[in-house]
Amino acid sequence: ISIDARLRRAITRGELFLHYQPQIELHSGRIVGAEALVRWQDPVEGLLAPARFIPIAEETGLIRELGAWVLREACRQGRAWLDAGLPPLRLAVNVSAQQIRHGQFDQLVEQVLRETGFPANLLELELTESVLMDAHSEVARLLDNLRARQIRIAIDDFGTGYSSLVYLKRFPLDVLKIDKGFVDGLVHDRDDRAITLAIISMARALGFKVLAEGVEDPEQLMILQAHGCDLYQGYFFSKPLPAQEFVQRLQVQP
Ligand code: G
Ligand code: G
Ligand code: MN
Ligand code: NA
C-alpha cells in the first residue's frame, strides 16, 4: 500500500498529532503563543517528520484534508487549554497554498471556530509568499475577510520566496516570520545580518510584528533584541513539544 493511501488512512485513524513550538515575546521573555506542527505516528514506520509526508500531501492534494485536520485540532486544543484555565495563547497554524487556491478557505475557518469555540483573535494563519503571488483580488478579499474576524495573518519563511515586495503593500498582513536561514547567519555572516536587520526595520516601519525563526543561541537573541525584533521561536528556548510538555513549560514560567 502506497504512502499516499497510508496518509489518507492516517488522517481518519487518528495517527496524526500536533507538536507546539513556543513563541516568545522578546521584551518580556514570556511565551505568548505557539506554532502548531504536524507529526505522523505511523504504526509501521514510527514517528514521521513533516518533511517525509507534507510534500506527498501537496502532490496528491491530500494537503487540503490534512490542513483542515490541523486547523481543527489546533483550535480544539487551544479551546481546551482556555477551559483548563491557562492564559490566552495565540496559536499559529501553517496553511498550504493549495488550501487557499481551492477556495472556501474562509468558510472552513469560520466553521472550525464555531465548532471548537476557539477565539478568532487568538488564531494566526501562516501563509507563504507564493500564496500572495497568486490571483490577487481573490486572495486580498480572503485575507480581508479573515482579518475582519480578527484573525492574524503571518508570512512564513519570509525572504526566501519571491523578491517582490509589492504584496507587503497590497495585502493586509500582521506578522513577518524571518526565515531561519537568515537568522542562522545573524552573528557571523555580514549579509545575513544585513538582511535580518533590514527585514526587522521594514516590518516595523510598515506596522507589522516581526518574529525570528530558528533562534539557537544567546548571541542571536541579543542582536535581535537590540534591533527591536518583537518575537522569536527556536531551539534556544524550546523545540516543538507534545501538548502536555508544552503545558508544563508554560506552568514553570514566572
Ligand atoms: O518541525 P518541522 O519538522 O515540524 O516542520 C517541517 C516543515 O513542515 C515546516 O517547515 C512546516 O512548514 C511544515 N509543516 C509542519 N506542519 C505543517 C502543517 O500543519 N501544514 C503545512 N502545510 N505544513 C506544515
Ligand atoms: O513552518 P516552518 O518552516 O517555519 O517550520 C519550522 C521548522 O523549523 C520545523 O521543522 C521546526 O522543527 C524547525 N525549527 C524550529 N526551531 C528550530 C531551531 O532553532 N533550529 C532548527 N535547526 N530547526 C528549528
Ligand atoms: Mn511555519
Ligand atoms: Na519557516
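Val 210 touches Leu 176, Ile 178, Ile 199, Ile 200, Ala 203, Arg 204, Cys 229 and Asp 230, leaving out residues up to four places away in sequence. Touching, or contact, is taken as C-beta atoms, placed from the backbone, within 7 Å. This is a predicted model, where local features need pLDDT of at least 70, side-chain atom pairs count only at pLDDT 80 or more, and totals for chains, interfaces and linings use all residues. Residues are numbered from 1 along each chain as its sequence is written, with chains lettered from A and ligands numbered from 1 in the order in which they are written.

Val 210 is also among the members of the largest nonpolar core that touch the most other members, along with Ala 36, Val 93, Leu 125, Leu 176, Ile 178 and Tyr 232. That core has 68 residues. A nonpolar core here is a set of buried Ala, Val, Leu, Ile, Met, Phe, Trp, Tyr and Cys residues joined through C-beta atoms within 7 Å. Buried means 20 or more other C-beta atoms within 10 Å of the residue's own, exposed means 12 or fewer, and partly exposed is in between. Helix α3 gives the largest share of this core, six residues.

Next, Glu 25, which sits in strand β1, residues 16-25. Helices (H or I, at least four residues) and strands (E, at least two) are DSSP runs, numbered from the N terminus. Is Glu 25 buried or partly exposed? Glu 25 is partly exposed, because 15 other C-beta atoms lie within 10 Å. Glu 25 touches Arg 30, Val 32, Asp 230 and Leu 231, again not counting residues up to four places away in sequence.

Now the ligands. Around ligand 1 are Leu 37, Val 38, Ala 49, Pro 50, Ala 51, Ile 54, Gly 67, Val 70, Asn 94, Ser 96 and Pro 240. A residue counts when its C-beta atom, placed from the backbone, lies within 6 Å of the molecule. By class, that shell has eight nonpolar, three polar and no charged residues. Nonpolar covers Ala, Val, Leu, Ile, Met, Phe, Trp, Tyr, Cys and Pro; charged covers Asp, Glu, Lys and Arg; the others, Gly among them, are polar. Helix α2 supplies the largest share, three residues.

Ligand 2 has 14 residues around it, the closest being Gly 214, Glu 216, Gly 234, Tyr 235 and Pro 240. Its shell divides into four nonpolar, five polar and five charged residues.

Methods:
Contact = placed C-beta atoms within 7 Å.
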